[in-house]
Structures are given as C-alpha cells and as structure tokens.
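Open the model in your viewer and keep the selection panel at hand. We will go stop by stop.

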Number of protein chains: 2
Amino acid sequence: MNWEELSKELTIQTDSKIVLLVIDGLGGIPVRGKTELEAAETRNLDRLALQGTCGLTDPVLMGITPGSGPAHLGLFGYDPLRHVLGRGILEALGSDVEVKEGDLVARGNFATLKDGLITDRRAGRIPTSECERLCGLLNAALAGRKDPEITVFAGKEHRFVVRFRTSGLADALTDADPQKDGKPPIPTAPLAPEAAKASAVVNAFLTDAIQILKAEPVANAALLRGFSVHPSIPRMPDLYKLRPAGIASYPMYKGLAKLLGMTTYKVGPETADLFDTLEAHFAEHDFFYVHYKKTDAAGEDGNYAAKVAAIEEIDAFIPRLEALKPDVLVVTADHSTPAALHGHSWHPNPFLLVSPTALPDETGVFTERACGGGLLGRFPSVNAMPLMLAHAGKLKKYGA
Amino acid sequence: MNWEELSKELTIQTDSKIVLLVIDGLGGIPVRGKTELEAAETRNLDRLALQGTCGLTDPVLMGITPGSGPAHLGLFGYDPLRHVLGRGILEALGSDVEVKEGDLVARGNFATLKDGLITDRRAGRIPTSECERLCGLLNAALAGRKDPEITVFAGKEHRFVVRFRTSGLADALTDADPQKDGKPPIPTAPLAPEAAKASAVVNAFLTDAIQILKAEPVANAALLRGFSVHPSIPRMPDLYKLRPAGIASYPMYKGLAKLLGMTTYKVGPETADLFDTLEAHFAEHDFFYVHYKKTDAAGEDGNYAAKVAAIEEIDAFIPRLEALKPDVLVVTADHSTPAALHGHSWHPNPFLLVSPTALPDETGVFTERACGGGLLGRFPSVNAMPLMLAHAGKLKKYGA
C-alpha cells in the first residue's frame with residue numbers, strides 16, 4: 001500500500017480550505033554569507049513561521065536537482081520517481097498547447113536541409129516572427145486533414161511544438177533528429193509494436209513538411225524529439241476528493257495543474273493578479289495552488305538582487321492570504337534556484353505550515369537554515385500533501 | 001532487501017535486555033500554549049531525556065493518523081503499510097478471544113428482524129447482560145458441532161465477536177450487514193474463489209442464529225462484518241531471535257503482543273501491576289513491551305487535565321524501570337492522542353532512548369518540541385526496532 005492507494009481510501013470531502021503558495025526556486029545558497037531569503041526583509045513570512053511549524057523538503061531525493069515537472073508532482077503527493085512527464089508534454093504545456101487524452105506531442109526545430117543533409121539543426125536561429133509565419137504555412141497546408149489532425153504551435157526562434165490528434169497513438173518513438181549537423185534527416189522508429197501507427201503518422205508529417213516548406217531558403221525541414229502522449233496520471237479530485245484550483249500566470253504551471261485535474265483560470269502577469277484570482281474564486285474550491293514565478297526567473301538569471309526583491313515582493317502579499325483565513329496555509333517552493341548557480345539545484349526547500357492543529361515550533365524567521373531546525377524536520381516533498389490534508393481534517397484514520 | 005529480511009540475517013541472541021515503554025497516545029497539541037506533556041511535571045522522564053538521545057517518530061507516514069494496530073506494528077519493526085490487521089481480528093483481540101492460525105473471526109451485532117426486514121441494526125442497544133445471555137444461548141445450541149466449531153463472545157451492549165474454527169477458511173467476504181434499518185438481512189458473499197467455504201459456513205450460522213433466537217422479542221438476528229482470518233505475520237522470536245514479553249492490562253494490546261509471538265501475562269488494572277509483572281519476569285526475557293493506556297483514554301475523552309495526571313502517574317514509575325538496569329530503555333508512544341482533538345492524530349511521537357552506547361544530545365526535557373531538536377531527528381517508527389536491537393548489541397554488521 002502506498003500513499004496514492006491510501007489516499008483514495010482515507011480522504012474525505014470537507015469544506016475546509018487549503019492554500020499552497022509555491023514560491024518557485026525560493027531556496028538558495030549564501031552569497032557574502034546570506035542566502036537570498038536570509039537577505040530579504042520578510043516580516044510577513046517570518047510572522048507565519050513563528051505561528052506555524054517548519055521544516056525542509058527534498059523534492060525527489062537528497063542531491064537530486066529536479067525539473068519543474070518532478071518538483072511539482074512531489075508537492076501534489078505524486079511520487080516523482082514513479083510518474084514521469086515527458087519533455088514533449090511539458091513543452092506543450094509551457095507553450096499553452098491544449099493536450100487531451102490520446103494526443104501525441106513533440107518538440108520541434110525548424111532546420112536547414114541542403115543536398116539531402118541537415119546543414120543547420122536550428123535554421124540559423126530564425127526570429128520568432130519567422131517561426132510564427134512558418135507554423136502558419138504548415139497549419140494552413142494541413143488544415144484540411146481530419147485524421148490525423150495535426151497542429152503546429154510556434155515557440156521562440158526555431159522552436160515549435162507539434163500535436164498529432166487521432167486514435168491509437170503511442171510515444172515509444174525514437175527522436176527524428178540526427179542530433180548533429182551534416183547528417184541526413186532521420187525518420188522516427190517505433191520502440192514497441194503499439195507505436196507503429198504513431199511512427200507512420202509522424203514520418204508522413206516530416207515528409208509533408210519538406211514539401212510544404214520547399215520554397216523556404218533557410219527553414220525548409222522539421223526535426224522532432226521528445227515524443228509524449230498525454231500521461232496517464234490520476235487526477236487530484238479522484239485521489240483526494242478535492243475541488244482544486246491552480247492559480248498561475250505561466251502556461252507550464254497552469255498546464256501541469258490542468259493535467260492533475262485542477263480548475264485553472266486566466267491570470268494576468270502581475271503578482272497582484274494571482275491574489276485577485278484567488279480571492280475571486282475562494283468560495284468555489286477547497287484546495288488552491290498559487291504559483292509565483294519571479295524568484296525562479298531571477299535565480300536562473302543569476303541575479304541575486306532581483307531574487308531578493310522578488311522575495312520581498314511576494315512577502316507583501318502574505319496578509320491577503322491570511323485575510324482569507326484558510327484552514328491550512330503552506331508556503332514553500334518546488335525546488336531551489338540559487339542565484340549563485342544560475343539554475344535549479346538539489347538544495348532543500350524551506351517549508352512552513354500554519355493551521356490550528358499544528359504544533360508550533362520555535363522557528364521565528366522563514367529561512368532555509370531556520371526551517372532546518374523546525375519540528376517537521378527534513379522530509380520528502382511527497383509527504384506535504386498528506387500533511388496538508390491531515391491538518392485540514394480531510395484524512396480518516398488508517399487501520400483499526 | 002528490506003528490514004524484515006535483514007533482521008533475520010543480522011540479529012543475534014544475547015543476554016542484553018531491552019525495555020520499551022509505550023505511553024499510549026502520549027503526544028498532543030498545545031492548549032493555552034502547552035501540550036499535555038509540556039504541562040505535566042515529569043522529572044524522571046526529563047532526567048532520562050538528559051541522559052539519552054531523543055527524536056520524533058511518524059507511525060505510518062507524515063499526516064497519517066493510525067489506529068492502534070498499525071501504530072504498534074511500526075514500533076515492533078513491521079511496515080504498517082505492508083501488514084494490515086483486519087478489524088475483526090483486532091476486535092477479537094480486544095475482547096480477549098483466543099485466535100489461532102486458520103480461525104476466521106468477525107464483529108457481530110444482535111439485531112431486530114420483523115416481517116423479513118431488519119428494523120433495528122442494534123436491537124435497541126440491549127444491555128450487556130442480555131448480550132451475554134444471548135451469546136450463552138447460541139453457544140449452547142452450537143456446542144455439539146465440531147466442524148466448524150463456532151463460538152460467540154459477548155461484547156458491550158448489542159456487540160459480539162464470532163469465531164469459526166475449521167480448515168480452509170478465508171476472509172475475502174462481503175459484510176453480512178444491510179448497513180441501514182428497514183432492509184432485509186443479507187448473506188455474506190465470497191470475493192474470491194478460496195472464500196467459498198467460509199461464505200457457506202458463515203451463512204449457515206446466520207440462518208441457524210435466526211432459528212435459535214426465534215423466541216426472542218428484540219434480539220432475534222445476527223449481523224456480521226469485518227471478517228478476518230488470523231493474519232500471517234512473522235513472529236518476533238523468528239525475526240529478531242528475541243524472547244519477548246508483552247506486559248499490558250488491556251486485551252487488545254495483549255492480543256497484539258501474542259500475535260507477534262510475545263509471551264503475555266495476566267496483568268491487573270493498576271499501573272503498579274505493569275511494573276510488578278515486569279519485575280517478576282525480568283529474568284525470563286530479553287525484550288519487554290510495557291503498555292500504559294491511561295494517557296490515550298484521557299486524550300480520547302478530550303480530558304486534558306486527566307491526560308496530564310496520567311503522564312505524571314507513569315513518570316513516578318520510571319525509577320522502577322531504571323532500577324532494573326536494562327541495556328536499552330526506550331520511552332515513546334504508538335501514536336498521538338491530543339485532548340484537543342478527542343482522538344488519535346497524525347502528530348509525531350516523542351521518543352527517547354537511554355543506553356551506554358547512545359550519543360546523548362542536549363534534550364533536557366521530555367516533550368514533543370524538545371524531542372524535535374534531538375539527535376535522532378524525525379524518523380519513521382519502523383526504525384525504532386533496529387535502533388533498539390543495535391544499542392542492545394543484538395545486530396551484526398551488514399555486508400563486508
């Protein structure tokens with residue numbers, strides 16, 4: 001019996017409300033002695049830490065740096081080592097591409113084909129506007145077809161996402177990408193018998209694309225990789241009997257939320273938009289995932305000062321969360337993004353939980369090191385969901 | 001390789017002695033700032049905390065509230081998500097019913113049957129003395145039969161336990177209970193082919209019971225649910241090479257101890273009786289599970305003051321444990337029972353271990369929050385058994 005099986009048996013539907021604020025990439029490592037969170041003035045988060053119980057979480061395993069997919073899956077109670085989201089599906093979600101059960105998606109590059117060889121796998125990094133024009137060409141030429149229905153979605157520069165929609169598609173496919181310049185284009189091949197139809201559909205598209213783009217001087221072929229079907233993953237309403245809402249501005253996080261059965265909303269790009277949306281829909285749901293991106297973006301840029309500012313910005317919105325009086329309020333991160341490392345890292349996430357049934361600890365400031373002394377100890381992110389449900393009174397007793 | 005497999009390979013029989021004092025439901029949450037354990041004067045437990053090493057344990061998983069079965073299994077080193085004890089077996093153990101390998105037991109209600117419908121599933125909550133008289137009637141009428149041998153054991157009010165003893169019984173059976181008044185009685189049905197015999201045996205009993213009770217005005221039918229066979233669970237002497245003793249006043253804990261291969265003794269209802277029994281049999285065993293119930297009972301009643309008093313009562317007996325000079329002394333709980341919640345909860349258990357090989361920490365008082373700062377950290381209860389065996393010198397090195 002694991003948590004997923006257990007959750008179906010033990011969860012009960014109640015009116016209590018859980019708010020989970022994910023400050024993306026929050027954790028850091030010291031620069032001149034202080035992490036970004038230690039350097040930031042966060043009197044609201046500090047007050048929550050004083051009221052609640054704190055700890056540190058490992059998203060996957062100690063030492064493992066997670067992508068956004070596994071880091072979020074863990075937070076929602078899905079074992080990130082059991083559930084794997086393909087790159088294609090994450091790219092599609094990130095590009096705001098709607099993906100349904102049965103759809104096959106892949107990441108694409110426009111490339112330069114000359115005398116039967118791929119001479120530039122990125123087609124000279126054409127501008128995004130060119131990419132949009134080429135995707136328009138492909139979509140117009142393919143518009144008449146209904147089985148399969150094929151749609152191409154422009155990304156940045158030479159990148160796009162392609163979605164194949166028909167029955168019987170599988171994603172056990174090799175990449176249709178020679179990986180190096182100066183080699184001929186290669187078709188995809190099925191890695192399992194059930195992917196034979198998908199392979200034929202994809203290869204027909206690759207041939208058609210060359211035909212449609214034959215007048216183009218630079219971007220006259222397509223390469224595809226990271227084939228993924230819509231993953232078969234249990235939905236949070238089914239696992240936990242929740243009516244969850246995902247409140248995020250960025251398509252990838254919204255897409256992830258949708259994938260897990262959360263209701264998502266159109267949210268503007270400002271931090272205030274997250275809280276406006278939360279307040280507007282607070283009566284309709286019992287679980288709220290609120291995603292704040294700026295901390296991660298600043299960390300990825302290696303911009304320590306911008307990350308400190310981003311932390312201070314979100315801290316100012318904490319009173320709006322408190323005013324809603326959720327039964328359980330958790331503030332944490334999906335993974336760390338230290339500015340000093342310019343990217344995601346394996347460092348644990350500060351975690352705080354406020355609830356009337358919590359045993360408050362002596363953590364008086366919300367920082368990585370202070371949370372390390374909290375009563376929750378250091379624990380895998382995947383335990384956060386049972387903990388939140390327990391404090392919300394949404395879990396029955398296990399066993400007699 | 002898991003701990004159960006490992007234990008068979010690594011444990012050795014020695015003369016060293018382990019005492020595990022389980023203060024049932026010990027942990028709490030604050031009321032006016034203090035948990036029951038924080039409010040209690042516990043100078044003996046505090047002295048042990050100062051001498052030893054402390055931590056906090058999670059019985060099943062963070063957030064999961066365990067019943068007494070899984071909570072105790074964890075403490076004895078059995079993964080509570082792998083070993084599940086059915087309600088019937090726990091009810092039988094709690095009623096002091098002897099259950100052997102192959103027996104099938106179930107929880108029963110006397111009910112009122114009128115014109116073919118169950119009009120009262122609890123037979124007007126007949127007094128316990130009536131229940132005893134009715135069980136006597138059934139047992140007298142069934143006494144002649146040897147295959148199956150059927151015995152009924154009276155519980156409180158309308159409740160009883162029935163035990164079926166013959167070969168080839170299985171517990172994959174639906175409840176023989178319409179769950180609501182105003183419906184006809186329903187027979188049990190097998191959920192798997194191997195339960196066909198059990199199903200026939202149970203249904204014959206239900207028919208016979210109506211015949212035997214036909215002159216009764218109120219309690220003239222039986223409903224059964226929670227069918228369980230004696231679980232197949234490895235015994236502690238086989239897993240750990242221990243000669244364990246279970247010292248408990250309450251039948252359920254005694255029954256659980258017996259199930260795991262511990263020797264149990266008749267123990268009076270007073271707290272002193274636990275320690276008298278421990279001292280009387282200290283030479284005969286190398287592992288002692290001592291179960292103290294009053295803390296849990298007070299917590300279930302929501303009686304904060306009674307729980308504080310119960311903690312202070314057990315604290316006064318600690319010097320008698322110390323006087324025995326066990327090689328390893330552990331004081332902990334199976335699960336928390338905060339008076340504020342009137343029942344079991346998911347909060348972690350304070351844990352202290354005293355042994356000459358322990359690394360003492362700075363924990364100077366035995367409370368939930370002080371233990372949270374202990375060197376053992378926060379860990380699953382299932383790790384307690386290897387820890388105790390190690391400190392007792394009963395575990396060999398793993399690997400070369």
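Select A:Ala111 and A:Ala221. A:Ala111 stands opposite A:Ala221 in E7(A). Now widen to both strands: E3(A) and E7 (residues 221–229) of chain A run antiparallel, joined by seven bridges. Strands pair here if DSSP finds at least two bridges between them. Strands (E, at least two residues) and helices (H or I, at least four) are DSSP runs, numbered from the N terminus.

This is a predicted model, in which local features need pLDDT of at least 70, side-chain atom pairs count only at pLDDT 80 or more, and totals for chains, interfaces and linings use all residues. Residues are numbered from 1 along each chain as its sequence is written, while chains are lettered from A and ligands numbered from 1 in the order in which they are written.

Next, select strand E3 (residues 104–114) of chain A. Of its 11 residues, 10 are buried (20 or more other C-beta atoms within 10 Å of a residue's own, with C-beta atoms placed from the backbone).

Six bridges tie E6(A) to E3(A), antiparallel. Look for A:Asn109, whose bridge partner in E6(A) is A:Arg159.

Now E4 (residues 117–120) of chain A. E4(A) pairs with E3(A) in the antiparallel sense over three bridges. A:Leu113 faces A:Ile118 there. Two residues lie between the strands of this hairpin, and A:Asp115 takes a positive phi near 55°.

Last, zoom out. Colour domain 1 (3–85 + 234–391) and domain 2 (90–229) of chain A; these bounds come from an automatic or database domain assignment. Their centres, taken over C-alpha atoms, are 35 Å apart.

Note on methods:
Buried ≥ 20, exposed ≤ 12 C-beta atoms within 10 Å, placed from the backbone.
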